[in-house]
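Here is a short report on how two chains meet, with a closer look at one residue. Keep the structure in view as you read.

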Amino acid sequence: MYFLTDEERKHLLKGLLPRSRDQGVADELRGWNWSQPPLSPVYDMPLAIYEVAGAYCPTNRDLYLRRVERVRPKPSPAMARGSALHAALVHVLVAAKRLIYAHGVDNYQEIFRSLQELVPLSIEPYTRDLAPTEAESLRQKALIIHDFERARIIARIQEILTKHPYIGEDSLVSLALPVVVEQKLDGSFLGLSANLSTDAFTFCEPMILDLKFGEPRKFHRLQTTGYALVMEAIYEFPVNLGCLVYAEFRGNRLIIKKDLHVIDDELRQWFIEARDEKARMIYEEIDPGVAEECHPACYCYQVCHR
Amino acid sequence: MTLKVGDIKQYLYCPRIIYYTYVAPVDRKVTPKMVYGKEEHIEFERLERRRTLRAYRLAEGERRFRTPLESPRLGLRGVLDMHVVTSLGCLPVEVKYTASRPGLNHKYQLVAYAMLLEDAYGKPVRHGYLYLIPSKNVYVVEITPNARAFVRRMLLQIADLIRRETFPPATRRAGRCVDCEYRRFCGDVV
């Protein structure tokens, strides 16, 4: 799901990449300047990226309840679904890498056979609080992702093998599966959690990928922005691009749309503003109040409207 | 209420300048830097009239200087240093007297002028230029949808500050306070 189509690659190489290089980013908004304002954190209140980037609640009261009032509402079905489908995807990608290393290039047929026989991830831990019909539907969706990703990986490995007769295992992994999934990052330089984890990261041209199973929202881009800033702070190289991968199920079909974007000055400033505002809210224990229009599917709905 | 393009620059530099301008107006001391900057702008205009448009990578176009622009739709007005009218559209040029690279406050001032030019000419503006007098360097700035949205959001924030009459926190960059003309009115900056 993280691999780009030919059109997306063209859009990236001919459109976004040159533009991101021409446009540039103000140096004060590069992650490596984390020790100076505006990037240096004002409050000693580490936040997760999803806490800074999330704006599903119009007043951010969900964050206040969780961090100040220590309320722990049950995850919503949408959250459980997202976690399960993420895990199903990671399972296939990591298993494919493991099989390449285990069998080696010479036994490539064994890699394909093992991949074909790969058992889908058990999603039972994610379905405990779901109704039986919801759980079954989730199982089906996880299976669709599993099958889709497995087929794509096999095709990619085959393509690379036909092109490079002298390739080794490590290079095959890097060319066929050029993503690091669940990359762990320490965001403490920027006043963020020390245990961050980005969905995926491509290293050819540094790009942060984030997988979503819900409706596209403008603030989703803050998620890639946050990880880009953290990566810049840790590794001191520019990360200019982000990609939101929106997966949607239409019956038994998986539809994937990608939002490739430049992580520009404006997104960086928006992220920093959100970080400072939310850290202040928690640090000063300011209850932002119940929003005028709450989403009924919000996992804090029962707490706010009891 | 109509804001000035310069307010965007000032707000980004330090939001307290907006407070001292609109909420609790104070007598601003004209610094030698401001006088010098004004003289340099006049000199720029004189020289610019004789130059080609090569610095802007343009083959043809007509320069227009100190154009007053106003948009009731945006609630914004300002006087643009220069803009170039070409057959493909018009391009704003904002002149700055600074030895360092252009700052974000300069960028968004230019974006605001681009938005005003769009209203004045009824044509989209794709990019503009920041001309730095000391180095004679020209920086091309793309007018992106995100940059436009950022300017709109900033205008709302400035209007909100004025409406609420809240005294905002000072800029976190202490270096800016050193030669600020409003410094003596802030009791809490070093």
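A salt bridge is a side-chain nitrogen of Lys or Arg within 4 Å of a carboxyl oxygen of Asp or Glu. A:Glu266 and B:Lys107 form one, with their closest N and O atoms 3.1 Å apart. Bear in mind that this is a predicted model.

**The interface**

The rule finds five salt bridges across the interface of chain A and chain B. Two elements of chain A, α1 (6-23) and α10 (265-283), each supply at least two residues to the side that touches chain B. Of the elements, α10(A) gives the most to that side: eight residues.

What kinds of residues make up the side of chain A that touches chain B? They divide as follows.

| Kind of residue | Count on this side of chain A |
|---|---|
| Nonpolar | eight residues |
| Polar | three residues |

In total, 20 residues of chain A are in contact with 13 residues of chain B. The two chains bury about 1300 Å² between them, and 40% of this is on carbon and sulfur atoms. A:Pro37, A:Glu266 and A:Gln269 supply 39% of the area that chain A buries against chain B, more than any other three residues. Between the chains, nine residue pairs are in polar contact.

**One residue of chain A**

Now turn to A:Thr202, which is found in strand β2 (residues 196-202) of chain A. Is A:Thr202 buried or exposed? A:Thr202 counts as buried because its relative accessibility is 11%, and buried means under 20%. A polar atom of its side chain lies 3.3 Å from the backbone oxygen of A:Glu205. Leaving out residues up to four places away in sequence, A:Thr202 touches A:Pro178, A:Val179, A:Met207 and A:Leu209.

Definitions and conventions
Residues numbered from 1 in each chain as written. Chains lettered and ligands numbered in written order. Predicted model: local features only at pLDDT ≥ 70, side-chain atom pairs only at ≥ 80, totals over all residues. Heavy atoms only, no water. Contact = heavy atoms within 4.5 Å. Buried area = accessible area lost by both parts, 1.4 Å probe. Polar contact = N/O pair within 3.5 Å; in protein donor to acceptor, adjacent residues only side chain to side chain. Helix = DSSP H or I, 4+ residues; strand = E, 2+ residues; numbered from the N terminus. Nonpolar A, V, L, I, M, F, W, Y, C, P; charged D, E, K, R; others polar. Buried < 20%, exposed > 50% of the residue type's maximum accessible area, 1.4 Å probe, protein only.
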